[in-house]
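Okay, thanks for making time, everyone.

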Amino acid sequence: MAAAQIFHPIEAAGGVLRFYREFSKDAPDELAIYTLIVHMPPVDPFPAAYWGKPAIVLVACHCGPVDEGKAALEPLLHFGDPVLAVVDAMPYVALQQSFDAGTPAGERYYWKAHHLDGLADEVLDTVAEYTRDLPGEFTIVGIEPLGGAFGRVDPAATAFAYRHAPYTFGIWTGWSDPAKDEQNMAWTRRFYDAMAPFGTGAYVNYLDQDEGGRVEAAYGSNFSRMVEVKKRWDPDNLFRMNQNISPGE
């Protein structure tokens, strides 16, 4: 598998986000590309002048022959002036785990998310505005691709109803100091509210503890059917550790 990780300074976010929009919309099924806003890791080979500062990253993989993948990902190397740019063969698991160190277990996290119908300029401008100053040392803001083969499944075929949505947008805020709880959670809520006009539905895996009221939105047109499944197969609500459907719905 060929993979890419392309880091740009946060000042380039507006242009990088628009490049992402154009590059991702025509991507073949074999190619998935994410854009993430993170703090630049304070380690080599990242330039020391950028350590700890917000950065925007294009993270991609091509699940086909490596040479084809490298060719498909090569345009990422030639856009803008990246701080660090790598396109090379990589095991999928290695790519999947490459950001684990930036979200260590046992810290303080607060999440909000929307599905997106598209990436209009207003969407991208809002993301760029809110991420210029990125609170929380473990915070990640990201746009995830859906679409492709995923989007060609009948929405009624599974529990997940939002097959038409081409992207998911997530605010995954993370920090260590309890004194910053209210500050960081308030920023997350403001950002989430600012993105709400562009959002559709919800993603159940990204619902936080205060979002029980969004469970119905997470299943959309499939909710009533999933309630009946829950009542039949889990009437005692054994599976309840996430924001789940209650058998009493």
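Let's start with Tyr206, which counts as buried at 13% relative accessibility. For the cut-offs, buried is under 20% relative accessible area, exposed is over 50%, and partly exposed is in between, with a 1.4 Å probe and protein chains only.

Quick housekeeping. This is a predicted model, where local features need pLDDT of at least 70, side-chain atom pairs count only at pLDDT 80 or more, and totals for chains, interfaces and linings use all residues. Residues are numbered from 1 along each chain as its sequence is written, and side-chain values use heavy atoms, with hydrogens and water left out.

So, the rings. A pair of aromatic rings is described by the distance of the centres and the angle of the planes. The rule here is that rings of Phe, Tyr and Trp (its six-membered ring) pair if their centres lie within 6.5 Å; planes under 30 degrees apart are stacked, over 60 edge-to-face, and the rest tilted. How many aromatic pairs does this rule give? The count is 15.

Take Phe160 and Tyr203 as one of them: the ring centres are 6.2 Å apart and the planes sit at 90 degrees, so we call the pair edge-to-face. Phe160 is in the loop between α5 (148-151) and β7 (167-175), and Tyr203 is in the loop between β8 (199-200) and α7 (215-219), so the pair ties together parts that are 43 residues apart in sequence. On those labels, helices (H or I, at least four residues) and strands (E, at least two) are DSSP runs, numbered from the N terminus. Phe160 is buried, at 17% relative accessible area, while Tyr203 is partly exposed at 26%.

Then back to Tyr206, with Trp172: centres 5.4 Å apart and planes at 70 degrees, so that pair is edge-to-face. Trp172 belongs to strand β7 and Tyr206 to the loop between β8 and α7, so this pair ties together parts that are 34 residues apart in sequence. Trp172 is buried, with a relative accessible area of 11%.

Elsewhere, Lys112 lies over the face of Tyr192, 5.6 Å from the ring centre. The test for those is NZ of Lys or CZ of Arg within 6 Å of the ring centre and within 35 degrees of the ring normal.

Next slide, the largest pocket. Which residues lie nearest its centre? Tyr34, Leu36, Glu144, Pro145 and our friend Tyr206, out of 34 lining residues. The volume is about 1,000 Å³. β2 gives the largest share of the lining, five residues. Others that supply at least two residues each include α1, β3 (54-62) and β7.

Points join across faces, edges and corners, and the volume is the space filled by probe spheres set on them.

Now Ala218, in helix α7. Ala218 is buried at 4% relative accessible area. Leaving aside neighbours within four places in sequence, Ala218 is in contact (heavy atoms within 4.5 Å) with Tyr162, Ala202, Tyr203, Val204 and Leu207.

Last bit, backbone. Most residues other than glycine have a negative phi, and most peptide bonds are trans. Asn237, though, has a positive phi, near 60 degrees. Asn237 sits in the segment after α8 (223-233) and is buried, at 16% relative accessible area. Beyond four places in sequence, Asn237 touches Lys230, Asn244, Ile245 and Pro247.

And where is the cis peptide bond to Pro45? That bond runs from Asp44 to Pro45, with omega near 10 degrees, and Pro45 is in the loop between β2 and β3.

That's my lot, over to you.

Notes:
On a 1 Å grid over the protein atoms alone, a cavity is a set of points where a 1.4 Å probe fits but cannot get out, and a pocket is an open set with protein on both sides within 12 Å along at least five of seven lines; lining residues have an atom within 4 Å of a point.
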